[in-house]
Amino acid sequence: MTPERFREMVSGVLIVGVVVSAAFIAVGFVAALAVGWQGSLLGAAAATSANTDFSNLPRRLATLEPAAIAQLGLATLLATPVARVAASVVGFALEGDRLYAAITTAVLLILLTSILVLR
Amino acid sequence: MTPQADLGIFAISVAAGLIGALAGVGGGILVIPALTIGFGVDIHLAIGASIVSVIATSSGAAAAYVRDRMTDMRVGMFLELATTTGAVCGALLAAVVAPAFLYVLLGVILLGSAGMQVSRMGEETPPTASASASGLATRLRLASSYPDRKLGSEVAYSAQRIPLGFVLMWIAGLVSGLLGIGSGVLKVLAMDGAMRLPMKVSSATSNFMIGVTAAASAGIYLGRGDVDPQIAAPVALGVLTGALIGARLLQHISNRSVRLIFLPVLIAVGLETIARGLGFGI
């Protein structure tokens, strides 16, 4: 892989992460202006759990809660740097740079460990 | 939140994203006080929103910086080894260390380094930029070049004092894990001050890195319930907008202008850090 292609790939991962998360956040935000942060686009009963709870997203997405749509976008945004590091591992490996493939793998492992352990 | 408040938060966030993208920092320095003092938001939700702001600035700006060869990806990845390790140590230490004294210490260090920034104000590119790379820089491939549209030329550079830079980056990670503040300014200081990378490369590479440092602790804030979409959504949308504008701007301004934008941010973070240490919660 050429350095140019590598840069395009890492930049592409960041752009996709940013665009997808911005789209969900914007849709959730506009929907919240219409039906409120506790409402649902399907007219389901007002949310019983707090909007800061990320553990029950699938169920709340099914009833099209604006807050849940925005949360999906925020979660995507928070995951984007992790995806960027993962893409860099692949990029350095394809470029044939073993030293940096190893360094980046170590960063990815530390990052995943910290996300799983520090909570 | 009223629509007026949403609009206000969005506008402040655009400014935070713009300044953050240019100075290589996350914009928490602007977002946190604006939310708490300006809009009466709970400090925990404001800090949760600032984590979102850091990742939004980083991802939004770095998408352009990586493509335009402003970010040095090898420098960034090599130093992330130090920041992520430091961040984990900091988060583990946070339970046992009383940070009040550390806030004051960090604030004093930041204000001290503001003096160094002033003394470098006249310098466009590091004097050592064209010097030959050291053995370590060659082995680690930490010598490169970036296209400077303002100067209209390709500017070569080579990282100096790499061990010192690595240690400073570890401390930057430790501090952000421990205090949750100053991660971006310390990164810029380590790359510009210790490693003598050009200011724009320092800023763009710091931008590339801060998202990863923030992502390492984002799980904690999500789990605690500190990320409220009602606050974080307008912040994220505003910061992304500002960061995309800022990332286009960086190419066309001088290294001096970047330093001129970084200096007040550095002083503000220094003062806010000392204020926190002395118990004035912002």
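1. Basis. This is a predicted model: local features need pLDDT of at least 70, side-chain atom pairs count only at pLDDT 80 or more, and totals for chains, interfaces and linings use all residues. Residues are numbered from 1 along each chain as its sequence is written, with chains lettered from A and ligands numbered from 1 in the order in which they are written.

2. Interface. Chain A gives 41 residues to the contact and chain B gives 44. Two residues are in contact if their C-beta atoms, placed from the backbone, lie within 7 Å. On the chain A side, H1 (3-35), H3 (66-95) and H4 (98-117) each supply at least two residues. H1(A) has the largest share, 13 residues. Helices are DSSP runs (H or I, at least four residues), numbered from the N terminus.

3. Helix H5 of chain B (residues 100-119). Its 20 residues should span 28 Å at 1.5 Å a residue, and the end C-alpha atoms are 30 Å apart, which agrees. The expected span is 1.5 Å times one less than the number of residues.

4. B:Tyr103, B:Leu106, B:Gly107 and B:Leu110 are buried (20 or more other C-beta atoms within 10 Å of the residue's own, C-beta atoms being placed from the backbone). They lie on the same side of H5(B), because they cover an arc of only 100° around the axis. The arc is that of the directions from the helix axis to the C-beta atoms. On the other side, residues including B:Phe101 and B:Met116 are exposed (12 or fewer such atoms).

5. Core. The largest nonpolar core has 126 residues. Such a core joins buried Ala, Val, Leu, Ile, Met, Phe, Trp, Tyr and Cys residues through C-beta atoms within 7 Å. Beyond four places in sequence, the contacts of B:Ile55 include A:Leu77, A:Pro81 and B:Ala214.
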